[in-house]
Amino acid sequence: AQNDSGEFFGEEGLEKILHDNINCSAEDLVNSTIEGINGFVNGAVQSDDITILAFQVVPSNIKKLHLEAKVENLEIINRSISEFDVSEDTRFQMNVIAEEVFVNICSYSYPDSTGYADIEIESNDETITMTFIDNGISFDQTKDIIDIDEYDMDNAVGGLGRHITFTMANDYSYERVNDKNVLKITITAEDQ
């Protein structure tokens with residue numbers, strides 16, 4: 001942008017606006033930038049397009065693991081979970097979910113062979129999202145979750161772990177994408 005004297009708004013003008021609005025939202029920063037440019041040009045004819053794009057980064061903590069689908073590797077997942085700055089209750093939920101899902105991948109996605117699982121755990125101020133991806137046989141862990149009211153505690157075999165896992169979740173989804181099982185589970189993150 002140029003004013004009537006032919007001076008450019010330039011990097012100095014932009015840096016001043018960024019400095020003055022360092023703690024603003026992305027939307028407020030865009031509005032302040034437009035106001036600053038309009039004040040600088042003071043009615044001069046616009047000499048070029050103006051495009052403004054602002055990103056607001058939400059603090060996040062991400063752990064990515066690529067593990068052989070063997071139950072003994074659950075220890076690696078648990079160590080990664082221990083590094084998150086969350087309450088003991090949240091960490092407990094993360095461990096229960098990771099154990100149930102990972103053991104099921106080991107047992108059911110790869111019943112006759114060994115494969116790999118990619119696990120991504122992402123936390124922000126409000127949620128923890130755990131994504132499990134494997135290229136084993138199609139296995140939807142969200143399907144046929146037991147109804148606890150109809151569960152025969154004395155005679156039934158299996159199913160309680162998945163019930164507990166998906167009861168803890170705020171949200172979950174499964175899809176089969178490019179011959180891969182993709183299970184995403186989100187829980188509420190409680191600070192320590």
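Guide: On a 1 Å grid over the protein atoms alone, a pocket is an open set of points with protein on both sides within 12 Å along at least five of seven lines, a cavity is a set where a 1.4 Å probe fits but cannot get out, and lining residues have an atom within 4 Å of a point. This is a predicted model, in which local features need pLDDT of at least 70, side-chain atom pairs count only at pLDDT 80 or more, and totals for chains, interfaces and linings use all residues. Residues are numbered from 1 along each chain as its sequence is written, and side-chain values use heavy atoms, with hydrogens and water left out.

Visitor: In what order do the elements of the protein chain run from the N terminus on?
Guide: The protein chain has five helices and five strands, where helices (H or I, at least four residues) and strands (E, at least two) are DSSP runs, numbered from the N terminus. Starting at the N terminus, the order is α-α-β-α-α-β-β-α-β-β.

Visitor: What share of the contacts with a separation of 6 or more comes from residues 24 or more positions apart?
Guide: Contact here means heavy atoms within 4.5 Å. Among contacts in the protein chain with a separation of 6 or more, residues 24 or more positions apart account for 65%.

Visitor: Which element gives the largest share of the lining of the largest pocket?
Guide: The largest pocket holds about 340 Å³ of space, a volume being the space filled by probe spheres set on grid points, which are joined across faces, edges and corners. Its lining takes in 19 residues, with Leu14, Thr33, Ile37, Thr51 and Ile52 nearest the centre. Two or more lining residues come from each of helix H1 (10-20) and helix H2 (26-41). The largest share, four residues, comes from H2.

Visitor: How far does H4 reach from its first C-alpha to its last?
Guide: Helix H4 covers residues 88-109, 22 residues in total. The expected span of a helix is 1.5 Å times one less than its number of residues. For H4 that expectation is 32 Å, and the model comes close to it, at 30 Å.

Visitor: And what covers the buried residues of H4?
Guide: Buried means under 20% relative accessible area, with exposed over 50% and partly exposed in between (1.4 Å probe, protein chains only). On H4 the buried residues include Met94, Ile97, Val101, Phe102 and Ile105. Their cover includes strand S1 (61-68), helix H3 (74-82), strand S2 (116-123), strand S3 (127-134), helix H5 (160-168) and strand S5 (180-188).

Visitor: Which residues make up the uncovered face of S2?
Guide: In a regular strand the side chains alternate between the two faces of the sheet. In S2 the covered face consists of Ala117, Ile119, Ile121 and Ser123. The uncovered face is Tyr116, Asp118, Glu120 and Glu122.

Visitor: How many residues sit between S2 and S3 in their hairpin?
Guide: Two strands pair if DSSP finds at least two bridges between them. S2 and S3 make a hairpin, and the number of residues between them is three.

Visitor: What is the bridge partner of Ile133 in S5?
Guide: S3 is mostly covered, with six of its eight residues buried. S3 and S5 run antiparallel and are joined by eight bridges. In S5, the partner of Ile133 is Val182.

Visitor: Which element gives the most to the lining of the largest cavity?
Guide: One cavity of 30 Å³ or more is counted, and the largest holds about 60 Å³. Its lining has six nonpolar, three polar and two charged residues, where Ala, Val, Leu, Ile, Met, Phe, Trp, Tyr, Cys and Pro count as nonpolar, Asp, Glu, Lys and Arg as charged, and the others, Gly among them, as polar. H4, S3 and S5 each supply at least two residues. The most, three residues, comes from S5.

Visitor: Why does Asp134 count as buried?
Guide: Asp134 is found in strand S3 and is among the residues lining the largest cavity. Leaving out residues up to four places away in sequence, Asp134 touches Ile105, Ser109, Tyr110, Tyr116, Ala117, Asp179, Lys180 and Asn181. Asp134 counts as buried because its relative accessible area is 3%.
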